[in-house]
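Morning, everyone. Please bring up the structure, and we will walk through some helix packing and then a pocket.

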Amino acid sequence: MQNHKLFVLLNSLSPKEMRQLRKLVISPYFKKHGKCIEFFDLLHSLHPDFTDENLNLAVLYKILYPNEPFNSQRLRDIMSYLVEIVEHFLALSYLKQEPLEKSRILINKLYRNNMLDSLSYEIRIAEKYLKDKSKKNENALWLEYYISFITFQIKEKNEVFYGIEVNSANQVLENWLRWLYVSTLNMASELEENRSLPKSSSVFTQILTTIRNLQFQKTDLIVVAMEMIYKLQWSKKLEDYMELKNFFLEKRNELHYQVQYKCIQALFHYLLVEGFKNEALMKLDDYSLWKSIGLEIELNFTGNISSASFYNGAVELMKKRQIEQAEEFIHKYSGFLTNDVKKTILNFTLANLYFLKKDFNLSFDYLIKTDLARLGVLKMTYKQLQLMLFYERGEYSLILSYLDSFRHYIKNKGLGEKLYNSLFSSYKVFIRLVSIREKPYDKKSLEKLKTYLETLENRPNLSGWLKQKIKEMER
């Protein structure tokens, strides 16, 4: 029952958002079932603990209709009404966070209704707002295009618009091209971020080259930022990393927070993928810098932090063996995780923390509380931690079974060649390690395994831990 759309939607809301939602629920604007408010208040008291035990329909129905026989359809009707209200709330919340999108919808409605005086006023307000560089994101570029388009369309017919600076047809096209260019750069960056395709084979490269060769202004900061992000992702060169880094640090306060965050994501991703190959880059403290700024951006502009920022921030401290700082980080920022991901990512982060502290039983407890289906890209990390915990707890018979499952998982996952080879190398060393560990001490076999590990063509991604386990067996 907890997977019903209503409970999934409500579970994603913070306590503050639930209080705001109630104002909409009690509003007479929405046609709703007579028990909607009472049922919502009941769910509000349970939020966010929407478990199957708490959501027993018969029990809920008895609270709403204490003297009537159970009617599941009656309750489902109320739930359907509430789903509609919650969906409206989510849309309104988005418009509140994105005032430019609200302006676009309002201007479009006024234009379609031929309300020209009101349209002229709203356009002036929007144009004043758009002069601020820090307000420029993709929505801003689209709004600039749309305003220039409808102004051009109406100008000759209505004297209301004579006082407005009117763009030519060429300017309308230029505004459209600027939005199209940035949108395509953004799409290319997001869709091809982790691919290792040659640049010449990318459809995006062909499209972007065509658009770039057209005549339109390309000096907007958002355009410059997105070009640098795309260039870094394709080239993976240190000089492009430094170029984006210097640009971001200099122009950060002039960029929209969404563009700031895209810059941070690109810079951080480069460090994760390429940083270990470059000794000079590793000496920089950029990991901490980007995590700090990324958290600041998220907290200041969204009021919460993403599961990725939370997990990466904690794990980076763990990698440096800064256990106390990691615990402080988890305690400080776990309250800013959204309800829909909080339990999963918090449990998984704590599983990693207690593994580092060598409290393997507590680490395992947190791991089994983690919802694997919600981990996304961290599923592979989960499976590797699971294997290491089985080993540390001496559950060798389980490891062999799970190793076989792990082998099939990485084989069928469609991973890139480099990542697959690294994971498969870990599998091959792991299975040999367990085989030796189950038998009486054999120095010759151990030396053979050490040699095998050192001579592998593809370095296992767990090589540090594997080497440590081999060393622990030496006498």
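Is the crossing of H12 and H13 left-handed or right-handed? It is left-handed, meaning the near helix is turned anticlockwise from the far one by less than a right angle; clockwise would be right-handed.

Some ground rules. This is a predicted model: local features need pLDDT of at least 70, side-chain atom pairs count only at pLDDT 80 or more, and totals for chains, interfaces and linings use all residues. Residues are numbered from 1 along each chain as its sequence is written, and side-chain values use heavy atoms, with hydrogens and water left out. Helices are DSSP runs (H or I, at least four residues), numbered from the N terminus.

Back to that pair. H12 covers residues 238–251 and H13 covers 257–274. Their axes come within 11 Å and cross at roughly 150°. Axes are lines fitted to C-alpha atoms over the stretch in contact, with angles from 0 to 180 degrees between N-to-C directions. So H12 is roughly antiparallel to H13 (over 145 degrees; under 35 is roughly parallel).

Who touches whom? From H12, Leu-238, Tyr-241 and Phe-248 are among the residues in contact, and H13 brings Cys-263, Ala-266 and Tyr-270, among others. Contact means heavy atoms within 4.5 Å. By class, this contact has 10 nonpolar, one polar and one charged residues. Nonpolar here is Ala, Val, Leu, Ile, Met, Phe, Trp, Tyr, Cys and Pro; charged is Asp, Glu, Lys and Arg; the others, Gly among them, are polar.

H13 also packs on H11, residues 221–235. The angle is about 20°, with the axes 10 Å apart. That makes H11 roughly parallel to H13. This crossing is left-handed. Cys-263, Ala-266 and Tyr-270 of H13 are among the residues that meet H11. The contact holds nine nonpolar, no polar and one charged residues.

Next, H21 (396–412) and H22 (417–437). Their axes come within 10 Å and cross at roughly 165°. They are therefore roughly antiparallel.

Last, the second largest pocket. It holds about 800 Å³. A pocket is an open set of points on a 1 Å grid over the protein atoms alone, where a 1.4 Å probe fits, with protein on both sides within 12 Å along at least five of seven lines; lining residues have an atom within 4 Å of a point. The volume is the space filled by probe spheres set on the points, which are joined across faces, edges and corners. There are 24 lining residues, with Ser-14, Glu-17, Gln-20, Gln-97 and Thr-302 nearest the centre. H5 gives the largest share, seven residues.

Definitions and conventions: Helices (H or I, at least four residues) and strands (E, at least two) are DSSP runs, numbered from the N terminus. Angles under 35 degrees count as roughly parallel, over 145 as roughly antiparallel, 65 to 115 as roughly perpendicular and the rest as oblique.
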